[in-house]
Amino acid sequence: MHIHTLEFTTLLWFGALLAGFLGALTGLGGGVVIVPLLALGFKVDIRYAIGTSLVSVIATSSGSAAAYVKEGFSNIRIGMFLEIATTVGALLGAFLASRISTSTIAVIFGCVLLYSAALSRKSRPMHEADQAPNKLASILRMNGSYPGPNGEIPYHVSRVPLGFGLMVGAGTLSGLLGIGSGAVKVLAMDLAMKMPFKVSTTTSNFMIGVTAAASAGVYLSRGYIDPALAMPVMLGVLAGSLTGAKVLVRARVPALRIVFAIVIAALGIEMIYNGITGTL
Amino acid sequence: MIKAPFSDDQLESVMGNLLRIGVLLAAAVVAAGGIFYLVQHHSEPVDYSHFQSEPAPLKNIPGIIHETAALHSTGIIQLGLLLLIATPILRVLCAVFGFGLERDFLYTIVSLIVLAVLFYSLFGHAM
């Protein structure tokens, strides 16, 4: 099949628009479906797909930052401290990406997709009850408060070293696969550090762009970032996620979330299958 | 305790707006380069199934600036993408100064470490 640049660009733009829109609306992130969309749907080499996806991840994160800041939940100290872990991890992941075969990357990618889909079915743990003060978190001045219905709700952060270690892993996956790894970041903050979920979600978004920027430099210098691919995908994902975030404001979309999770799981299985058979 | 002349909330607000402006600017440059690109290449066949890396001038900052100055569409798109990559870096830079103004030296250093990793990624390995 031969398609021309104009059709290809238009199709990619619409695909990215839809991915960004659904990602923002369901809270599952659009970045995670960009690589399968390009690699499986458009037969793009997975290295170009990863470079393109990474760029769209930065666009989504930075584009939605202003909206998140207005909510006033994110903790910039925790975010900045954990970014040491995620950026170092991202550099490691970007270096690994050129040393691991593309079929192995496809299999790892498929597993991450399955994990993201599975995680979306579980309800998020609620840590509304405040944790006991943690010494390291106190030294690092990580404890804070966020606005609740009856005034400020204080919170304390626990298990900082475990959270930090998980963040190195999240960064490595981000650099290896060109995704935001929002699911792993939120897991580290929710489960390990026991942060309130409102704070962990917004802080995670704060961190995704910086993490992605850490591997973007390496990707650029390796020639993974193709302008003709990145142009429609970045513009589409940005438009889609900004629209999705606007629609989301008051809407709850559990049915759509389940459908999107099933799509992600199916893409995961297909990535693993193609990785094992060596067609990616 | 001496009250810091600058608060976390102000810092976040400045950073949020900075990011939005940066992203919109990057998107505008990418779109301009994209229109230019489509006008020139709209009917060419597409094949990305084999990875062959980008041409050298599109892989580093001086090359991209040179390509943009020569008004090559791919160079302009790449410049927009560079602006996009720069937005989170600018956010960290802003945090360095913000924490400095808050007289929070621990977090000024934390932000500087993150900034150093980002600079290393972008400038650290001429290949």
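Predicted model: local features only at pLDDT ≥ 70, side-chain atom pairs only at ≥ 80, totals over all residues.
1. **The interface as a whole.** Start with where the two chains meet. On one side, 59 residues of chain A are in contact, and they touch 61 residues of chain B. Putting the chains together buries about 5,300 Å² between them, and carbon and sulfur atoms give 72% of that area. Within chain A, the residues that lose the most area to chain B are A:Arg77, A:Met80 and A:Leu220, which together account for 12% of what that side buries.

2. **Which parts of chain A do the touching?** On the side of chain A that touches chain B, the elements giving two or more residues are helices H1 (5–26), H3 (46–71), H4 (76–97), H9 (197–222) and H10 (227–248) of chain A. Helix H9 of chain A has the largest share of that side, with twelve residues.

3. **A glycine in helix H3 of chain A.** Have a look at A:Gly63, which is found in helix H3 of chain A. Is A:Gly63 buried or exposed? At 10% relative accessibility, A:Gly63 counts as buried, because the cut-off for buried is under 20%. Leaving out residues up to four places away in sequence, A:Gly63 touches A:Leu238 and A:Leu242 from its own chain, plus B:Val23 from chain B. If you want a sense of distance, A:Gly169 is 106 residues from A:Gly63 in sequence, and their C-alpha atoms are 25 Å apart in space.

4. Now go to helix H4 of chain B and pick out B:Ser111. Its relative accessible area is 0%, so B:Ser111 is buried. What does B:Ser111 contact, leaving aside neighbours within four places in sequence? The list is A:Met80 from chain A, and B:Val92, B:Ala95, B:Val96 and B:Phe99 from chain B. You've met A:Met80 already: it is one of the chain A residues that lose the most area to chain B.

5. **Two loop residues with positive phi.** Most residues other than glycine have a negative phi. Against that background, B:Leu71 is worth a check, with a phi near 60°. B:Leu71 sits in the loop between helix H2 (61–69) and helix H3 of chain B, and at 55% relative accessibility it counts as exposed. B:Arg103 also has a positive phi, near 60°. Its place is the loop between H3 and helix H4 (105–123) of chain B. With a relative accessible area of 47%, B:Arg103 is partly exposed.

6. **A nonpolar patch on chain B.** Finally, check the surface of chain B, where B:Leu18, B:Leu90, B:Leu93 and B:Phe97 form a nonpolar patch with about 340 Å² of accessible area together. Which element gives the most to this patch? That's helix H3 (residues 73–101) of chain B, with three residues. B:Leu90 lies in this helix, and it is partly exposed, with a relative accessible area of 40%.

Methods: Residues numbered from 1 in each chain as written. Chains lettered and ligands numbered in written order. Heavy atoms only, no water. Patch = residues over 30% accessible without salt bridge, like charges linked within 9 Å, V, L, I, M, F, W, Y side chains within 5 Å. Areas by Shrake-Rupley, 256 points an atom, 1.4 Å probe, with all protein chains shown as cover. Salt bridge = Lys/Arg side-chain N within 4 Å of Asp/Glu carboxyl O. Helix = DSSP H or I, 4+ residues; strand = E, 2+ residues; numbered from the N terminus. Buried < 20%, exposed > 50% of the residue type's maximum accessible area, 1.4 Å probe, protein only. Contact = heavy atoms within 4.5 Å. Buried area = accessible area lost by both parts, 1.4 Å probe.
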